Amino acid sequence: MQCVRRQPARTKSQESLYRAQSKTIARDNMKLLGLEGDTDLQFLINGGDLLKVRSGSWKKTRYYKLQDDCKTMWHESKKTLKSKHTFSVEDIEAVRTGRQTEGLKKYTEETVEGRAFSILFKGRQKNLDLIASSDEEAKKWINGLEKVISNTNNLSPQKKMEHWIYSCMRKADINFDNKMSQKEVKSFLQDLNIEVDEDYAEMLFQKCDQSMGGFLEGKEIEHFYKILTQREEIDVIFGQYAKTDGLMSAADLLNFMMNEQKEDASQNDALQLIEKYELDENAKAKQLMTKDGFLMYLHQPEGLIFNPAHKSVYQDMNQPLNHYFISSSHNTYLLKDQLKGPSSTEAYIKALLKGCRCVELDCWDGSDGEPVIYHGYTLTSKILFKDVIEAIKEYSFKTSEYPVILSLENHCSVEQQKTMAQHLISILGSALVTKPLGDQMPTSFPSPEELKSRFIVKGKRPNKLEDTFSDESKTADEEIVTEEEDDEGDEEDHEKKSSESKSLKLAKELSDIVIYCKSVPFHGFEESREKQSFYEMASFKEGKAVKLAEESANDYIRHNTDKLSRVYPAGLRADSSNYNPMPLWNAGCQIVALNFQTPCLEMNLNQGLFLQNGQSGYILKPSYLRDRDTEFDPITLTKGPWLNKKTLHVMVISAQQLPKLSQRKSSIVDPVVQVQIHGVPADTTVVETQYIENNGFNPMWNENFQFDVCVPDLALVRFLIEDYDASSDNEFIGQYTLPFNSLKNGYHHVPLLTMNGDLLSSAGLFVHIMIVDAE
């Protein structure tokens, strides 16, 4: 039986108008998405029953449907106090077919495989595990959702804005008459995140109410929309360069590209942009660009602040592995805190899809001879080692094709270590590195290019890799590694240590597949230089690593020119918080492991650094961090190739469509912008604009800032927008972080991301960038 959301009582005429309007809205939105007449989309709008699965005992039928806006899913809920019965399509990260999630595998039978699917959300929102009444219906749900997600993501910024504004207009049309009264206009503006005084609202209304009827309809609403979406700053820029009958010719556009954007472009490049982005067919036929086409171009990759040439792999990937910063995760299995939060294969999938190339596996003896992964001596839940390896195999190379390091923290008995080795070898197959790549004993790491689509195990082994090339070498089936020989650095400093054995028996089957990343303790830079082989690597707790980076920076950098270093958060970070990775990257540490599950500034920096080079998870370190004789010290800057002083001029111009932070209609944001530089200590700084009162829709600042950057290679630029509050901490609205060397000169839109790193649809910042060589 179909369930519908309870609506306020309407008259018969209102009900008739409402239904007609709903059909019109749905049809308009289907058309906007390019899915008019699509049977899968119509199926979603009609809705239907799905079995929601939460546990073995909680499986309940609920009604789901796509709302008329084609971007919001509504679902029935039996919770009377639950106010929100919807979720946005834009909050969906993926739709998985079949019994792929832990919940469906655990709580359902194989017989429902064809009817099962899961909706996975961005951030920490729980998966939605669902079962349709038939295989055919499941396909309709999956196909429909995937089409809506894909087509929504591919909408142009203008279309997204149009979609959003018209949705707000319809929401404000309380009596469903397709007209807007002055009261409804005020309500609509509040929905848009803008508060205007009564006089301005009345002036705006009177300007559009050309029929003097006391309400807006038809062309008057279109006029109102145009006034609302007018970008004065774009009008000014366009007016400066549109010298051909009020439009831009290819020569005019080229002039803009060379003068403002500082691009090395040709007239043919300008013609291609007109052909690609001009919306008016008449103008395009005359090879001219209108203001709308110009705005479209400024919203596309060519007009964004991030250099599009850095969106693909552009760095040399043939250098030894230790010459790269490697995107790395700590306690990858955790979804929340370190003490009682859930462990999940989903946490590995999320990290890998974000480009993470080094994941951690805390391995302990499990029941039935099957090793498990969890945070030992805590209440975190347990997951099977083999399930994790299967998930890693499936998702490791979807975002990046470069190698994945499996960092093992091994607490297992010899028998279960053998099981671990069997799972690694049988599941990963030929993708697992089980011996050096060449026939001879290697003297340095292979490159990411040579290791494409391969897995490397980091762990303990009792002997040297060189011994495997000796005819006389014989290794026992079991070897004991004492604490003196062991790398205790890669385990947290819990009190559990005092009760643990000082030695660990290793299974030969597992230690034999540790090739390029053998864990060893760190006993100082001198001993490392004299005794440590290139493939032997130490792990450093954050406190020790930061101290070395501050007090012995150059020694640490030289150590990292031919050895790998892994840094991990202190055990006291039970809340899964993170440390600042910048000092460790400045010291050349490659594997700076962070809690990927925690939205925070530190993860923003990690995402910003690894945004470049095709999000491959590997960033080539600057030459002075790869030179064994380097004199570079990030703390005390001296003359050298690292000093490449630049002056960065940033003009923060405007923002568009910032999200409301409160559901209260009257709650409007007061946006303030910070521009932050993160890099060597001499470059690290923050500046801030004034706040704009009661305008999150189209605030304008036009404020200029200047930064002197000494070591641009190691600098990240972060744009942060907050809601200003005089009496308490400002509230986060959106941010975007990118490498200094990926900045583009000129007028650019800055996309805004949530703290979790997901795109804020439609929202953006508009800036002007100028980078010049400092004297």
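**A pocket and a helix pair**

Tutor: In this predicted model, helix 5 gives the lining of the second largest pocket its largest share, five residues.

Student: Which residues of the lining lie nearest the centre of the second largest pocket?

Tutor: The pocket holds about 610 Å³ of space, and 19 residues line it. Nearest its centre lie Gln 158, Tyr 225, Lys 226, Thr 229 and Asp 292.

Student: How many residues of that lining are charged?

Tutor: Let us sort the lining by type. Seven of its residues are nonpolar and four are polar. The charged ones number eight.

Student: Now for helix 8 and helix 7: are they oblique or roughly parallel?

Tutor: Helix 7 covers residues 198-208, and its axis comes within 9 Å of the axis of helix 8. The two axes cross at roughly 130°. Because angles over 145 degrees count as roughly antiparallel and 65 to 115 as roughly perpendicular, this angle makes helix 7 oblique to helix 8.

Student: Which residues of helix 8 meet helix 7?

Tutor: The crossing is right-handed. From helix 7, Leu 204, Lys 207 and Cys 208 take part. Their partners in helix 8 are Glu 220, His 223, Phe 224 and Ile 227.

How values were computed: Residues numbered from 1 in each chain as written. Predicted model: local features only at pLDDT ≥ 70, side-chain atom pairs only at ≥ 80, totals over all residues. Heavy atoms only, no water. 1 Å grid on protein atoms, 1.4 Å probe; cavity = no way out; pocket = protein on both sides within 12 Å on 5 of 7 lines; lining within 4 Å. Points joined across faces, edges and corners; volume = space filled by probe spheres on them. Helix = DSSP H or I, 4+ residues; strand = E, 2+ residues; numbered from the N terminus. Nonpolar A, V, L, I, M, F, W, Y, C, P; charged D, E, K, R; others polar. Axes fitted to C-alpha atoms, helices over the stretch in contact; angles between N-to-C directions. Parallel < 35°, antiparallel > 145°, perpendicular 65-115°, else oblique. Left-handed = near helix turned anticlockwise from the far one by under 90°. Contact = heavy atoms within 4.5 Å.
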